[in-house]
Amino acid sequence: MQPVLDVRDLSIELPRDGDRRHAVEKVSFTVNPGEIVCLVGESGSGKSVIAQAVMGLLPRALRAVNGSIALEGENLLAASEERLRDLRCTRMSMIFQEPMTALNPVMTCGDQIDEVLRTHTKLDNAERRRRIVEMLAQVNMPDPERVYASYPHQLSGGQRQRIMIAMALILEPTLLIADEPTTALDVTTQAQILELIKEIQRARGTGVLFITHDFGVVSEIADRVAVLRLGELVEFGETETLLRRPQHAYTRMLISSVPSMIPHSRPRDPDALVVLRTEGLSKVYGGGTFLRKGHAVRAAENVDIEIRRGEVLGIVGESGSGKSTVARCIARLIDPTGGRIYLGQDEFAGLSARQLRRHRHRIQIVFQDPYRSLNPRRTVGDSIIEGPMNFGIGRAEALQRARALMDLVRLDPNSLDRYPHQFSGGQRQRICIARALAMEPELLIADEAVSALDVSVQAQVLRLLDDIREKLKLAMLFITHDLRVAAQVCDTVAVMERGRVVEYGGVQEIFSNPSHEYTRALLAAAPGKDWDFGAFEAA
Amino acid sequence: MTAQTDEQVDIAAAAAAAARKPGIFRRMGRSQSVIIGAALVGVMLLIAIVAPWLDTIDPAQIDPTYRNRKPGVERMITLPGGEQVRHVYWMGTDSLGRDIYSRVIYGARISMVVGVTVAAISVIVGLFIGLISGYIRWLDGVIMRVMDGLMAIPGILLAIGLVSLWGAGLFTVILAIVVPEIPRVVRLVRSVVLSVREEPYVEAAISVGTPTPLILVRHIMPQTMAPIIVQATFICASAILVEAILSFLGIGIPPETPTWGNIMAEGRVLFRIHPHNIMYPGVFLAVTVLAINMLGDGLRDTLDPRMSKRI
């Protein structure tokens, strides 16, 4: 059987000032008809570059210097620009990570799919429309006629990704490349899209090259897996074998870094002091003014939570559930519109701006994006000592403490005078943790603090946070969309849906015996929930 | 695999990131328009500073017997010290017998002073107002409406008004040009502040208790510097042009002071017979404005690469 895609000894050169010689080096793999092959790797491993090379969409600065890419026997590296244009959509298609930016916002979805048909076929108007509506029905869009006339902003993220899939598959290509198609989607939507891709691919016998960084997704969808590390293919094999008996040390490390869905058990101290308690915490956006009627958005409604010393409360939920709103209200980065926040004995929600500044040090927050949470123009030392100096500590003493903190977060204390761009994402997140700890807070809030990190780095940062919690007996509020992370980090979990806490309890109960329907849906949608990653069998 | 290898990867990535970031000055040095623009501006500044030593004579000295001479004529003149020297009139004389070459060279002084002062004042004032307007939400509406009002005042009309109030002079001219420029700087600064204030590092500074003025100066103002430097060069160029226009119209600097606008205004009457009266100051004006704009364009491309793609 001839493979749909045969990549052999592919090397792609980086520009001379790049951080390594090759973006991709001597990579070989095949995709057979009706097969899903996953390319897995951390950021910078070269997985997207391979996809771009196959589609003939490599940026000008990159050049394939060696090897071949054969689509049903035809070498794409030697193909002309016109030939590639003909092949795209008819025999190979691609869907992207961000469905909002991949669709043209000023064209209706129907017209955008129609464009593909008009370019590549000679069908008449009625026939084209019939085919499009049929395709929209196949990607499980309710009311295809209405969707045909809708603009992208009128659809949800998952629906937009369905439009992209419809557009990619309408000419029945033999190869579909999916570049992280579910990364920007919520977990329940992700499960549906994965299901859809599998279903359509099986029905049509399409070969799929699926790019992802998530081993959960791999275990759900892949027939075979290729693991990439810094542009080199370290391992390629059947999914089952690769996940159970990985040969290469890097693969083993990656897989065992995936947090387990089985919640950890940690003894809880029932007499521990309550550090934070909220009563009926609410945040309403909009709602109009005296002169104008407006639509009120209840971002958080009647949230009652409690965190004890040395414990971690996780708030989990999908985007728009209000979990970040709660965190930001508690940190008083935004003002709650109702309810009370008790920090120890003190009421926190009603403090004026002046009073608040004196209490700021008691709650600290670590943000999601490590690239934006440090001022790029200040040394990391200056960033760390800023807070203590605001509270009247001298520069020398603050620096002394910063050095100790750098040591605590396992960074070199001598690198305090360096700038953020000289550190990697994981290191920057450690610096942010050090900055928060410099204030000696009673409560540390981590707002998706590990979500932007690669899985191996994520595992390190999680270990670090756990050590710190243990050492300092810190109370932590952990906001995450990732149930795996929540299972490993939290003692108690609050599940939020549309601004409300729908379930609240110990992590063990919630994971083993969820009572609310939404919690059950979330748990069911978690990719790779049946796998216990890292429990390898002996070869 | 242990954490050891990840650390190594981390460090390697960090080292690479450090190596990728070339210095801002090196990037500037690579831009042709920065080099050429800066060189020409530098020459103009030098001319303005060393004007008295560039074989010039008193630019205001009238000589009724030696009017409207062609460029290049020579004759013996008496210096204020009583000394007799041979002087070449490189650019001829005007209708009052003044040496145009000396007037053009001295005129560079006024142009440079006006350009730099206007740019400095409007940037300082605009930066201050813009920071406040962008960061303190409840003041924003009020400030921006005032700025819209200022922008609606035509600069030339304002100049006429001010001249009739206080009389013509350098200060009046500078004020008349600064007032309509300030709102442009305010808008620029405000737009940068609005996006930077949402950055997590600003929120982090809030949550470690940094007072608002410090947040503005320490975390937000540095981000506005690159666009402001670029804007300042454009303001400088346009101020030099506007000053020349005002002087040409007779509502700027008094006519006895040599400025490029004054020289051109004076030469306007005899333009068809003696075009050099207008041509020489015109060339200086054009080259200066062009050079400053080139410098600004180049700086924009190197300091703020995103901006260059927008135009």
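**Strands, helices and the chain contact**

Biologist: Which residue takes a positive phi in the hairpin of β4(A) and β5(A)?

Modeller: In this hairpin, which has two residues between its strands, E72(A) takes a positive phi near 50 degrees. The model is a predicted one.

Biologist: How do you know that β4(A) and β5(A) pair?

Modeller: Pairing requires at least two bridges between the strands. Strand β4(A) and strand β5 (residues 74–75) of chain A are joined by two bridges, and therefore they count as paired. The two strands run antiparallel, and L71(A) has E74(A) as its bridge partner in β5(A).

Biologist: What makes β1(A) and β4(A) a pair?

Modeller: Against the requirement of at least two bridges, seven join β1 (residues 5–13) to β4 (residues 63–71) in chain A, so these strands pair as well. They run antiparallel. One of the residues involved is V7(A), whose bridge partner in β4(A) is I69(A).

Biologist: Which residues of helix α1(A) are called buried, and what does the word require?

Modeller: The word requires 20 or more other C-beta atoms within 10 Å of the residue's own. In α1 (residues 47–55) of chain A, K47(A), V49(A), I50(A), A51(A), A53(A) and V54(A) are buried. Just after this helix, G56(A) takes a positive phi of about 70 degrees.

Biologist: Why is the packing of α16(A) and α17(A) given the orientation it has?

Modeller: Helix α16 (residues 425–437) and helix α17 (residues 455–472) of chain A pack at about 20 degrees, their axes 10 Å apart. Angles under 35 degrees count as roughly parallel, so α16(A) is roughly parallel to α17(A). Their crossing is right-handed.

Biologist: Which residues meet where α16(A) packs on α17(A)?

Modeller: From α16(A) come G425(A), G426(A), Q429(A), R430(A), I433(A) and L437(A), and from α17(A) come V457(A), Q460(A), V461(A), L464(A) and I468(A). The residues of this contact comprise six nonpolar, four polar and one charged.

Biologist: What makes up the side of chain B that touches chain A?

Modeller: In the contact between the chains, 24 residues of chain B meet 35 residues of chain A. On the chain B side, α1 (3–20), α8 (200–207) and α9 (212–249) each supply at least two residues. The largest share, nine residues, comes from α1(B). By class, this side of chain B holds 14 nonpolar, four polar and six charged residues.

Biologist: How many helices and strands does chain B have?

Modeller: Chain B has 12 helices and two strands. Of its 311 residues, 40% count as buried.

Note on methods:
Residues are numbered from 1 along each chain as its sequence is written. Chains are lettered from A and ligands numbered from 1 in the order in which they are written. This is a predicted model: local features need pLDDT of at least 70, side-chain atom pairs count only at pLDDT 80 or more; totals for chains, interfaces and linings use all residues. A residue is buried if 20 or more other C-beta atoms lie within 10 Å of its own, exposed if 12 or fewer, and partly exposed in between; C-beta atoms are placed from the backbone. Helices (H or I, at least four residues) and strands (E, at least two) are DSSP runs, numbered from the N terminus. Two residues are in contact if their C-beta atoms, placed from the backbone, lie within 7 Å. Ala, Val, Leu, Ile, Met, Phe, Trp, Tyr, Cys and Pro count as nonpolar, Asp, Glu, Lys and Arg as charged, and the others, Gly among them, as polar. Axes are lines fitted to C-alpha atoms, for helices over the stretch in contact, and angles run from 0 to 180 degrees between N-to-C directions. Angles under 35 degrees count as roughly parallel, over 145 as roughly antiparallel, 65 to 115 as roughly perpendicular and the rest as oblique. A crossing is left-handed if the near helix is turned anticlockwise from the far one by less than a right angle, and right-handed if clockwise.
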